[in-house]
Amino acid sequence: MKPDGTVVKPSVAPGVRLGHVSFVWRPWIVFVSLLLAAATFLVFCLSIAVGDFPIGLSRVIATLFGGGERVDEFVIMDLRMPRALAGLVVGIALGVSGAITQSIARNPLASPDILGITGGASAVAVFLVTVSGGTAAAVVNSVGLSAAALAGGLGTGLLVYFLAWRRGIDGFRLILIGISVSAVMEAITTWLLVTADIRDVARAQAWLVGSLDNRSWDEVWIALWGTLALLVVVSCVAFQFKPMHFGDEVAAGLGVRYSMVRAVLLLCAVLLAAVGVSAAGPVPFVALVAPQVAMRLARCPTPPLVASGMVGALLLIGADLVARTALPITLPVGVVTAAIGGPFLVYLLVRANLR
Amino acid sequence: MAAQYIAEIESGFNDASRLAARGVTVGYGARTVIDDLDVAIPPGVITTVIGPNGCGKSTLLRTLSRLLKPTRGTVVLDGDDIVKLKTRDVAKKLGLLPQAPVAPEGLTVSDLVARGRHPHQSWLRQWSSDDAAVVERALAMTGVSDLADRPVDSLSGGQRQRVWISMTLAQGTDLLLLDEPTTYLDLAHAVDVLDLVDDLHESGCTVVMVLHDLNLATRYSDNLIVMREGAILAQGHPRDVITAELLHEAFGLRAMVIDDPVGDRPLIVPIGRTNVQLDRMPIKLQK
């Protein structure tokens, strides 16, 4: 009550009920997410439209929804779709993975790049490419470079998690151990590159910069279904994760089995990052910057999962588009994600300071 | 009436007690902090745990709230072994406020307090008008309705603590465990927060808290638990428990216990070494 006796009605977020389902109604987040989804779809279509054989946007959209001509259908569905879809899936996977790891560590530095996942995947991939010999070649041929990189990323992520475990997970400890393990992995990668045959080095370098070139439908399907399955698990557990932004003890007081929830989510985050890296190589910066950009656009105190995935996809497809069109030579997409994402995050941070 | 429950407290267990520890041994890793401890929390009153640093106060509170699992013995909540209850069911009966919790930067007061409804929600039922009503009531009870739209990190320490207590209230339990709710607060804000705790007690809550300030503990609680080295030294009404001898035994503190000039509780005057006029001190304490 105010001194003059009027009762102040506290502004508690309104709820929405649809049958048995009820949730908090936050118009701004819904608006931002829809806007991001629309922008992602637009860039996705643009990515398909642009190329040596330009196709109009309306024809791209028509073909995507089943109409369109046969010539367009071949170029779009067989040649360009895998690239655009890989960008979409990998971007979402990296964005969501970053949002989860940053939330768990309660620290914006804790992205999969820093936690060793990218470094581990790279080391394994480079090892298989450069170490010539019957076994390695056989492994590459049978399970593929992507699967090996996936295993490498997963293994390193789990190693970091168990090394950082000491009666719970502390954000700083996780980051320090992640940085250390990453450094070791990078050292291994560098050593392999220095000692390897020059032709293998070129192949390894091409993989290491991260790129969406020459994606086949097979690779895209694996990444797509893997990401979808992981997103289903994440969305089931995400509700239990909400109180964990306040720390373990408050979460436990609110009835959350925090060790279990955290282990499941961290495993999902590591797998998502590993799927992303195995499909597109270690594209830098997307997992770090997407959640931070999404947080500021959606005006959330913590990284929003859906919006982070959208920003990740937008950033990756957009960067790939720029990498292909901005200069006469095609740049590696990783160069552009850092060049676009970095300044944009700096802009958002500086704008917040000026207020 | 008061005498009766004091007698009940002193007799150890009473049937009305909703929360009790029986033969509890607990520690961190190989280090045992509390060994074979029995305690019953009397219902409807404020119980405060006091004791020197490292005596196991917070460990006891964490064990009672199920944050720590005892290696031996049981904690009983409403007749059930707390370890066997679901985490969520415990959260519906018992509200816990850990020491110095931190909210994410930019989170608003109403969003923080709304999180207190978590134990009553599910994936499908994430927010309802009942939740909104409970949260509005919790905000009003703790006097922070006016601050509902403000970010938690923009508030003063005292306001922030009110907000966290408000979140614990939104949980809808009548059993509250507060670990040092006055940490980092100046005396005025500490008194303000403890007045709020007493309001909650008046409205029917059972409160267990850990406090460092002995005089505030004496003033605000009906039942004191004095601990030393993981064991309970004394338990009961402050008037019966607080003596100069006990303070010396528990804390190694030389102090005088006098009548509180503004209340009916004892007042502790620490002696120390500096600026003390020896002629004004009782003879038995002089060396």
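Modeller: The answers below take up confidence, the chain contacts, a helix, a sheet and backbone angles.

Modeller: This is a predicted model, in which local features need pLDDT of at least 70 and side-chain atom pairs count only at pLDDT 80 or more, while totals for chains, interfaces and linings use all residues. Residues are numbered from 1 along each chain as its sequence is written, and chains are lettered from A and ligands numbered from 1 in the order in which they are written.

Colleague: What is the mean pLDDT of chain A?

Modeller: pLDDT is the predictor's confidence in each residue, from 0 to 100. In chain A, 91% of the residues reach 70 or more, and the mean is 84.

Colleague: How many residues of chain B are in contact with chain A?

Modeller: Two residues are in contact if their C-beta atoms, placed from the backbone, lie within 7 Å. By this criterion, 29 residues of chain A meet residues of chain B, which number 38.

Colleague: How many residues of helix H10(A) are buried?

Modeller: Helices are DSSP runs of H or I with at least four residues, strands are runs of E with at least two, and both are numbered from the N terminus. Helix H10 of chain A covers residues 258-280. A residue is buried if 20 or more other C-beta atoms lie within 10 Å of its own, exposed if 12 or fewer, and partly exposed in between, with C-beta atoms placed from the backbone. H10(A) is largely enclosed by the rest of the structure, because of its 23 residues the number buried is 18.

Colleague: Which residue stands opposite Thr48(B)?

Modeller: Strand E3 (residues 46-50) of chain B pairs with strand E8 (residues 206-210) of chain B in the parallel sense, over four bridges. In E8(B), the residue opposite Thr48(B) is Met209(B).

Colleague: Is Glu229(B) buried or partly exposed?

Modeller: Glu229(B) belongs to the loop between E9 and E10 of chain B. Its phi is positive, about 50°, although it is not a glycine. Since 14 other C-beta atoms lie within 10 Å, Glu229(B) is partly exposed.

Terms used:
Pairing = 2+ DSSP bridges. Expected span 1.5 Å × (residues − 1).
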